Amino acid sequence: MNGTVTVLDKGAVRIHSYMSPADTFHATTQLIETPARIVVIDAQLNPAYADEAVAYAKGLGKPLDRLIITHAHPDHYNGADRFGVSVHVLPQVREQIAARPAAQLPSGLAVPATDLPSSVDIAPGTEVIDGIQFVFEAVSGGEAADELLVKLPEQGVLIAQDLVYNDVHLYLGNNDITGWQQAVDTLAAETGYDTILAGHGLPAGPEVYAGIRQYLADARELLGDDGEAYKKAIVDRYPSHVGPFIIDIANRSLFGAGH
């Protein structure tokens, strides 16, 4: 296996957090194992890594129930068709995915256009799946225009996905540092959640919020009108962070195709 899996035992629920290698900036697929099934959250950028997550999930001996996609960035939906289950998504996120043209990343990986045919709408609120309470919340602004936050209150698990990165460079292409700071402040004010699942990087605890706040503050300070200068400055400040090329992808949105 190229990726890695972190397993967290939460009683009636086991979390299997599949993290891709550094070449796709440690993107995560969360496999939520309930007593009789597996709920999948996010689908990987590289289809080969989606296949790894699927193979691991099938090894658990329970059927995949559904795939939930949290937001309209290809590193969380490009491998969706590999899971072979219904896709559940906020309607506004589906529209954003459908509006994205085909693209080729700086790594050379091609990302085709998709419209998630036959996907199922997620409505904010509470749904009980296999006896487990899932709370769905829609968040606007920040890392993406719209994102889905998933909570398992009885297990103390907050599935933040790309509202939280753990030791991975942040994607700032949505150009909304203020919105992201506000979202993190809201998450940090939550009580009762000792496990935070990040969209990039390993699972963490609430201490992860301080690192995101500091990175965003540093990005605001360093982000001028030169993408290459910004990349050098932020990488110098966070030399141990994974995925500096995610900055290249963001810079194409912030500064134009020449970056």
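## Close-up views of a predicted model

View 1. Contact means heavy atoms within 4.5 Å. The model is predicted: local features need pLDDT of at least 70, and side-chain atom pairs count only at pLDDT 80 or more, while totals for chains, interfaces and linings use all residues. Residues are numbered from 1 along each chain as its sequence is written, and side-chain values use heavy atoms, with hydrogens and water left out.

**View 2. The nonpolar cores.** The largest nonpolar core has 40 residues. Ile-32, Leu-67, Ile-69, Phe-83, Phe-134, Leu-152 and Ile-159 have the most contacts inside it. Helix 1 (residues 47-58) gives the most to this core: five residues. Another core lies apart from it, with 39 residues, including Val-139, Val-184, Val-242 and Ile-247. A nonpolar core is a set of buried Ala, Val, Leu, Ile, Met, Phe, Trp, Tyr and Cys residues joined through side-chain atoms within 4.5 Å. Buried means under 20% relative accessible area, exposed over 50%, and partly exposed in between (1.4 Å probe, protein chains only). Helices (H or I, at least four residues) and strands (E, at least two) are DSSP runs, numbered from the N terminus.

View 3. In helix 2 (residues 91-99), Val-93, Arg-94 and Ile-97 are buried. Seen down the helix axis, they fall within an arc of 105°, so they line one face of helix 2. The arc is that of the directions from the helix axis to the C-beta atoms. Glu-95 and Ala-99 are exposed on the other side. The cover over the buried residues includes strand 5 (64-69), strand 6 (87-89), strand 9 (120-121) and strand 12 (146-152).

View 4. Strand 6 and strand 9 run parallel, joined by two bridges. His-88 stands opposite Val-120 in strand 9. Two strands pair if DSSP finds at least two bridges between them.

**View 5. The hairpin of strands 10 and 11.** Strand 10 (residues 125-129) pairs with strand 11 (residues 132-140) in the antiparallel sense, over five bridges. Ile-129 stands opposite Ile-132 in strand 11. Two residues lie between the strands of this hairpin. Asp-130, in the turn, has a positive phi of about 55°.

**View 6. Helix 4 meets helix 5.** The axes of helix 4 and helix 5 (residues 227-237) come within 10 Å and cross at roughly 145°. Axes are lines fitted to C-alpha atoms, for helices over the stretch in contact, and angles run from 0 to 180 degrees between N-to-C directions. Tyr-215, Asp-218, Ala-219, Glu-221 and Leu-222 in helix 4 meet Tyr-230, Ala-233, Ile-234 and Arg-237 in helix 5. Gly-227, Tyr-230 and Ile-234 are the buried residues of helix 5. They cover an arc of only 60° around the axis, which puts them on the same side of helix 5. Helix 4 and helix 6 (245-255) are among the elements that cover them.

**View 7. Glu-207 in its loop.** Glu-207 sits in the loop between strand 14 (195-200) and helix 4 (208-222). Glu-207 counts as exposed because its relative accessibility is 58%.
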